[in-house]
Amino acid sequence: MNRIEEHPILGKKEERQEVTFTFDGRELKGFEGEPIAIALKANGVLIHRYTKKEHKPRGIFCAIGRCTDCVMVVDGKPNIRTCVTPLKAGMVVKTQNGVEV
Amino acid sequence: MERYEVIIVGAGPSGLSAAIEAAKRGLKVIVFDENDKPGGQLFKQIHKFFGSKEHHAKIRGFRIGEQLLEEAAEAGVEVQLGATVIGLYSDKEVNVRIGDSIRHYKGDTVIVATGAAENMVTFPGWTLPGVIGAGAAQTMMNIHGIRPGKKVLMLGSGNVGLVVSFQLLQAGCEVVALVDAAPRIGGYGVHAAKVARCGVPFYLSHTITKAHGEDHVTGVTISEVDSHFTPIEGTEKTFEVDTICMAVGLSPMSQLLKMAGCEMEDNPKRGGQVPIIDDFGETSVSGIFAAGDVSGIEEASSAMIEGRMAGVCVSEYLGYLSEEEKEAELKKLEGDLDSLRQGMFAPKNRGKLIEKTDEGIDVSMNLLQKGYVSDDEIERFPGVVHRKGVHPVIECTQNIPCNPCQDACPKKCISTGDNITFLPFIKDDCECSNCGMCVASCSGQAIFLVDEDCGDGTATITLPYEFLPLPQVGDTGYGLSRSGEKLCEAEVVLVRSLKAFDHTNLLTMRVPKEYAMKARFFTKD
């Protein structure tokens, strides 16, 4: 588990609401409001998309919505920056191939 | 089209500071920020800041962020979040995307405080999942509470690389190596030293030649480089890692200023494309100002002062301050900014090898190359003294603008002299009460309380400790050297965690007395 339970400076994270979402059809759990990318990372998902021309894997790079490496198909919409998009219950998240759905 | 007297782009340290100065004088101000929370990168900074009281020294970055937000709320600053500024024109028209709509605003003045973006370097495999920016690592750990990986290699030994390496250790990650193509460590020696004493090896004059893995990072190979930064064959070293972190500098995000027609220049000392500005941030377009990293890469403390300067200037520009009032405000702020830009790491010294301190002492070359001051070098620094009984040992060996230690000591034992960048020394008539305030106040974690001879063949060393689990009294383990090597057996005899120490625990260990000036960290196993 890569979540930090207690941090020496920041202490414990406040209680958060656990929600269920799907990733490529698999049911996963995450915390409501955290970035989708973080919930995926907590579940060990590293690959967010494959590039159009060479089909190379991409994952989180900047984590602040700048680089767009982490875009995925979320609720049917492609190119969603998962590192800055908050997770909601029931979201349908899919690995993106190329630049479209 | 909505009109504001001041439109500020970016709600980071400099944008918020500018907004506070303008709003508290009654100007109608709006701040746009594309994120869903204000504060920029300040909330990711969990270390204690350097400087003096005026610069919020010894306060952790995220607390400074909280204070700034409170001050902004009191001043009545309006912050529009989730708002991406996509256009800025010379007549100070601003286009903003909010949700799915584009809105138009007009400012009587505009302050651009968009900050900077991380640089990257490329190598085979650099696009693999698991190769991340150091900023990403900070965001994951300190905002979202998740470890970027189990085993991490850090590329870049500037302050960001050093600080984030320490944060990775604090989050419970293993940092297998800290690598930089430069022959010398770029950031503060004290930041390097606290990473080195945890046992992280430094590889200067090395670069990454390959990231391994098919779907994600499984390893990394580094090579030594020659003076032209070309990898030398046969020097490859491979590490098993799941994460490669890049801290290879920042570039100003100055596109909006360019779009507005501000005169720009390519200035490597400022980090790239920057607007040409006057001493207080005004660009070549009257009424458009730039503040913070967008006008030259520095750090949050100076960005906040630059923001305040711009806020003062727009207040005068629009008639809310007289010219004399402006001059008086700016004079004070200029003084604060000047004191931050002193010392070995001042912008004017970027890239220079400084071999002697202001006091004329030879700088530790070991510190610059390996991250720690060697045993034979440490004695020459003024904070390293030998006294009877418990006394501070200050391993502060570079001239940096920082002085909380001298205010921290209730007995006034510590002084940095007349200049904020001078190396601290211990006064001759020092009567140390062993209170530990100096240890906890040192942003560089470079102060230790040492009793070199307890009379029974042992010595005690009190050190700053910011990790979990916190060792308990009676725990036994090892005293580690400044390079993180196991030196001797050690027993924890005292653990202090006062509120005034602000999460810097003070751990006192007992070691054989010959290690009094050598052991600087504790590990249980």
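Reply: Two strands are said to pair if DSSP finds at least two bridges between them; strands (E, at least two residues) and helices (H or I, at least four residues) are DSSP runs, numbered from the N terminus. The model is predicted, with local features requiring pLDDT of at least 70 and side-chain atom pairs counting only at pLDDT 80 or more, while totals for chains, interfaces and linings use all residues. Residues are numbered from 1 along each chain as its sequence is written, and chains are lettered from A and ligands numbered from 1 in the order in which they are written.

In chain B, strand S4 (residues 83-88) and strand S5 (residues 93-98) pair in the antiparallel sense over 5 bridges. Leu88(B) stands opposite Val94(B) in S5(B). The two strands form a hairpin with 4 residues between them, and Lys92(B) in the turn has a positive phi of about 70 degrees.

Helix H5 (residues 189-196) of chain B is mostly covered, with 8 of its 8 residues buried (20 or more other C-beta atoms within 10 Å of the residue's own, C-beta atoms being placed from the backbone). Among them are Gly189(B), His191(B) and Lys194(B). The buried residues of H5(B) pack against helix H4 (159-170), strand S10 (174-180), strand S11 (202-204) and helix H9 (365-370) of chain B.

The contact between the chains takes 29 residues from chain B and 26 residues from chain A, two residues being in contact if their C-beta atoms, placed from the backbone, lie within 7 Å. On the side of chain B that touches chain A, the elements giving two or more residues are strand S7 (116-118), strand S8 (131-133) and helix H3 (134-143). H3(B) supplies the largest share of that side, 6 residues.

Methods:
Buried ≥ 20, exposed ≤ 12 C-beta atoms within 10 Å, placed from the backbone.
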